[in-house]
Amino acid sequence: MGWYVGLDVGSFSCKAALLQEDELVEAIVLRSGTDYAGTARKAFEAVLAAAGLERSQIDRIVATGIGSSRIDYATNTVGDVLAVARGAFAMLPHVRTVIDVGSQATKVIWIDDVGRVSHFAVNEKCATGSGRFLQVIANVLRLRLEELGPLSLQSENPVSFNTGCAVFGESEAITRVSEGVPKEDIISGVHHSLAGKVASLMRGRGVQGDCALCGGGALDVGLRRCLEDKLGATMHVPERPQIVSALGAAA
Amino acid sequence: MYFVGLDIGSTMTKAVMVDDTREIVSTVVQQTGPEHRRLANKVIEQLLAEVSVPIEEVTFLVATGYGRINVPFADTQTTELTCHAKGVMYFFPSVGTAIDVGGQDAKGLRIRDGRLENFVMNDKCAAGTGRFLEVLADALAVRLDDLGPLSLKAKDPVTVASICTIFAQQEIVSHLSAGAPIEDVIAGVHDAVAGRCVRMTRALGIVPDVVLTGGVAKNIGFVRAVEERLGEPVRVPEDSLITGALGAALDARDRYHRATAKGEVKRKERKLTEAKFYE
Amino acid sequence: MANRGLARAREIMGARQERVDALQKEGKKIIGYMALHVPLEIIDAVGMVPYRLLGDIREPVTEADRGLPAAFCPYMRSMLDLTLKGKLDFLDGLALAHYCDAQEKTVRIMTSMVDFPFSHFIDVPTTVHDYSLDFFTTQVEDFKKTLEQYAGTTVSDDRLRQAIDVRNEQRALVRELYDRKKSTPPALSGRETLEVILSIQSLPAEEGNALLREVLDEVEDRDQQGAEGKVRVLVWGSIIDDPAYLEVIESSGADVVIDDLDGGTRPYTTDVETTGDLVRQLSKKYLVGTSTPRTVVDAGEGPPKKDNIRDLAARFKHVKRFIDDWNVDGVLLQSVRYCDPHGYELVDVMDYMRHLEVPAIYVEHNYSEGAFAPLRTRVEAFIETLE
Amino acid sequence: MGAEKKPSAINKLKAMYPLRANVDESYQKSQEAIAAGEPAVWSMVNWWQGGPVMKAFGLEVMHPENYAAICAADGVAQKYLQESDAAGFPSHLCGYARTNYGYTHRLMREMGGQVPEEAPLGGMPPPILLVASNILCDARFKWFQGLGRYLDAPVFTLEMPTPGVKEFFHEGVYESCVKIATESTREFIRFVEKLLGKKIDMDRLAEIVDDMIEMNRVWYEVNELRKAIPSPMHSRHFWSCMPTSLYLLGDCKEAIGQYQDLRDELSAAIANNAGAVREEKYRMGFAELPPWHSLKFFDALAERGWNFVVESWAYHPPIPIDLSHVSDPVEKIARYTLQFQTGYYQFAKDADSDLGYMGYPYVRWAKEFKVDGMFMHPLVTCRSSSTHLGYVRETLERDLGVPSVWLEGDTVDFTLFDPEDALRKAEAFEDSMEHYREEREKAGFDW
């Protein structure tokens, strides 16, 4: 029975997943500081400790994500698209479309009956197209990420942002607040704008089969609701959606 | 007679008063900042107070900057482009190209025989604006004013590949964690912003003298970066912040005299009331 | 049809398709065409109605990515987008021509991705040599033949001559309309002019002429008392097919008194001669007599040494005439981004404007509603420099 | 793309080197001739319409398109692009054109006609004649027109028609196309004769034309051999061998021999079942212009078993056509270039596609060359090589079950094409190719 570790070294958080063959045994999510490699090591050691394993007992360590090149002790690395696809398929074998909203990029991946990537689209150039936009706004509104969703659901009339830039969106949000616009309308506005970006990323293909939503963004019920409205499809969210890539890397 | 120009920018609100001889009588520069957005009138009050001129004695008042539409007590609005051109020409009659890097936008102005001939603008994306520097100064925990002096110490400036400000933020953080000296990172950031401003302005053709204005022009490191990118020396007015407001004041004077010439002078009953945003 | 004249024109612009829908119910066949080289007379002559296809600056482009890259003429992207959304399904056919690469390639993609009951592509040479005209004439003949087959009729010379006469009259009426804009202030605004032109381009020729006459009468006795002239500008460049675009310019303190645009003067500057071989005369008008930035009058015509200003003067003589006769203060050069013919032309036009010492600015836009705000800023600043 | 030095995963071909050498040699020759006082001509690639004529006149021809690519590879392009921007040319114009504008601005306005020191390969001296062509894209004649502000040289624009696909087969259309192409070429000859004050040698022209056609016939056979599995020749080799044909470099008779050697080498390779890459896992098509500046990235893909077996339609010779019955060399030229332009029209028409050139050939090739995936490289500032890619992608996927990977780049702005990113995407794209392999099987295709 082999032990496998997947490390998803992201810009916002680092995730480690420990598998025994294809069974998930342990997983952990740590906020990345400035030192990706350091955080990754902490996460790695944490999952080992939790399972009472020695480094020497691990048969394979696979790294993925923006900082994967910094993991010198990794057996090998795998691209983030494949990692997400593999992970999502392992957790939700019935899905054929996967939306991954991370803090660095948003990916849409269409997979076939055996979990292979048949098509994919990635948005990574501009923060307004990624989960990072949410973090930025949460930050200026002095809200914790997990507060965003519930608030957003209460929004009566979401604001529509005048700008296509996360930084300007930030100041716009501040001004709106100072003019008494309720926070929930601002957050819901961000959700709508982000959902719009995802939809345009899916243009031409749309949702095929069941659709999974993963990455940190999947924890946000507000975003989830917006996506479901915009795409007219149910979002299947795996348990602990942030670890999908880590699990996919290990699998 | 007094003429007032009010320039409401995203980060700074500036007001300048000139007399009929085009002499600058009074100047005020204040943080715009979210909570100050409605306080354009306070800036004017301060401007008047400094030279104890009552509002009634202001002959003509021109508002400019992106908040210009929201100034109820202005006689008229003039685009920031024209105002900047007029302001820049006041300081440097020989100007051919002006680059104004504001807090929320950047403009390139091509000036030919005392006229604004052509221009380009970026107000869509924070990259290439002063905002980029603010955000990154933040991330580096360096005071905005220290960026310049620090960057001059750079030995081997890093390359900032991300266009998006937010992602650039991460990029420089990882540059630092990879051990790059902060001066090199700052220099890299200056070069990135300079690169975008210059690239934008090149479309107009660069004609000397090149003048750099806006808050960022106070940053010596940035000025060097622009010169580097241009391969041209760059001139900076003593007070690089007020060119827009000054231009507006001069424009107020021009407009007033044009109106009188046409015999259609309408003095406005001026009351300082709040300017509102996002009606 | 309560409305007449300008009101009618605006009404038609508001719902361009309504009129042709009605015509279709009467059994008329509607042939969609794009600027600028499709000989409308032939469509008229077979008893069908040429309907000028326009993009939709207000409709977000969502489908076009299937067929066209993002960095591509946004006007053609809009055109393909509308096609893929089924908004051209009502057409009985398409008459297409090689205006520019973007259009030539887009229409190939359009007709490959969507089936139309009829479509014909007319290739347009780049130069105006005799052999170019010979070739274009065979292209036009082929178009005539194919359309005749589709219509199940053959067009006699008399029928074709009638059609030409009607269109010549239309071109004369449009020119008269522009003449009314020489006055200060102009008898009608740029917006109104564009509305009239775009609506007659979606009407049968005769009906269009009637509308033009109504408008001419209407502006005849327009009360211009006390009205003050504004800065007089000429607008040059790629297609403007939304009157709101000119509205932005005119509400920023300018009068658009004349233009060099596909949606403006370009189709109307010359007539078709009705002597001799009519198809060749048609071809001559639509190739040699229709100035587009893609048509090359290169030094091949002149002595093999070139003088740039002479070259520019030859290429842009019509622009000079406009500036002189319409007493133009400034020139607004505008183009959609990624337009090659106008993009390459730009610097030459700028050079020529400098030579003529006429102030000019260039404004590039992305053919979307978002283009209006920056356009206003630029125009305002430009006008301030002219005051 | 790691920096470690390892042997390229793409096998070398001996016969490739002489063909590739032609580029520098003929460039060298031109430079020397011009230095010795021969007039220079700047010409657009014109697919064998103007080329043989200029060769018969013995003119030294330089190709700004090609030279811009050289400037890009040499790293001086950026400087020229900035000059072009400063002159006011919109930044969305063809990157090659902008490079050329910047270069010419420098050459004429700053150096007074002397080649600037930074110009690679001795630069392009001021021309006495500009030869434009309207084949494939507007840029290729509008561009030269725009040089008028710098150069005191006449422009001649060659006419080659671009008829519609079904219209092409209407009565009389083909001959009318031949007529304009012939007349235009004839006018070109008259024009050059007038300019040089000397007559063209028609026998010489006839000889060149026949050699040119034979050379391209052999070159066509070479590419037919690439249909073999595994394919013996990689796109990188194609791009190295192509200029000799496309620019009519060197002596056509020699070139015929060089392409014959290549053909023989490939036949031999096929005989011992030797592919261009160590282990051919995926057979790839490439559209359109390659990322000249990062060709190494093809080695990295070769490591993964990607063999590029067909590419850039516009760089390929036309399907051979028998013109032995045509005696007039000028008419022969016209018919031959027209064959390049319309050679695939019949196939397109049968498939009810209106993209007879540029677009449809890829669909046909995907089938003939048994392509697993198409590598799409749209260029932001090169419309004509990008316009059709979306259509091709959709058609390949729908009709043949061949997926495409989409990687934006530019002719000169290298920052747009990111090889690292390309490799990341390649990894995931292999999944898609595996997926579609099964799809094709289910659909009863034979690859």
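In chain D, what share of contacts between residues at least 6 apart in sequence join residues at least 24 apart? The share is 75%. This figure, like the others below, comes from a predicted model.

**Chain D**

Chain D contains 17 helices and eight strands. Of its 447 residues, 58% are buried. Along the principal axes, the C-alpha atoms of chain D fill a box of roughly 65 × 50 × 40 Å. The radius of gyration of chain D is 22 Å, which agrees with a compact globule, because a globule with 447 residues would have a value near 22 Å.

**Domains of chain A**

Chain A is split into domain 1, residues 3-77, and domain 2, residues 80-241. The centres of these two domains, taken over C-alpha atoms, are 25 Å apart. Domain 1 of chain A brings nine residues to the contact, and domain 2 of chain A also brings nine residues.

**Residue classes at the two contacts**

The table lists the classes for one side of each contact.

| Side | Nonpolar | Polar | Charged |
|---|---|---|---|
| Domain 1 of chain A, touching domain 2 of chain A | three residues | four residues | two residues |

Conventions
Residues are numbered from 1 along each chain as its sequence is written. Chains are lettered from A and ligands numbered from 1 in the order in which they are written. This is a predicted model: local features need pLDDT of at least 70, side-chain atom pairs count only at pLDDT 80 or more; totals for chains, interfaces and linings use all residues. Helices (H or I, at least four residues) and strands (E, at least two) are DSSP runs, numbered from the N terminus. The radius of gyration is taken over C-alpha atoms; the globule rule is 2.2 Å times the number of residues to the power 0.38. A residue is buried if 20 or more other C-beta atoms lie within 10 Å of its own, exposed if 12 or fewer, and partly exposed in between; C-beta atoms are placed from the backbone. Two residues are in contact if their C-beta atoms, placed from the backbone, lie within 7 Å. Domain bounds come from an automatic or database domain assignment. Ala, Val, Leu, Ile, Met, Phe, Trp, Tyr, Cys and Pro count as nonpolar, Asp, Glu, Lys and Arg as charged, and the others, Gly among them, as polar.
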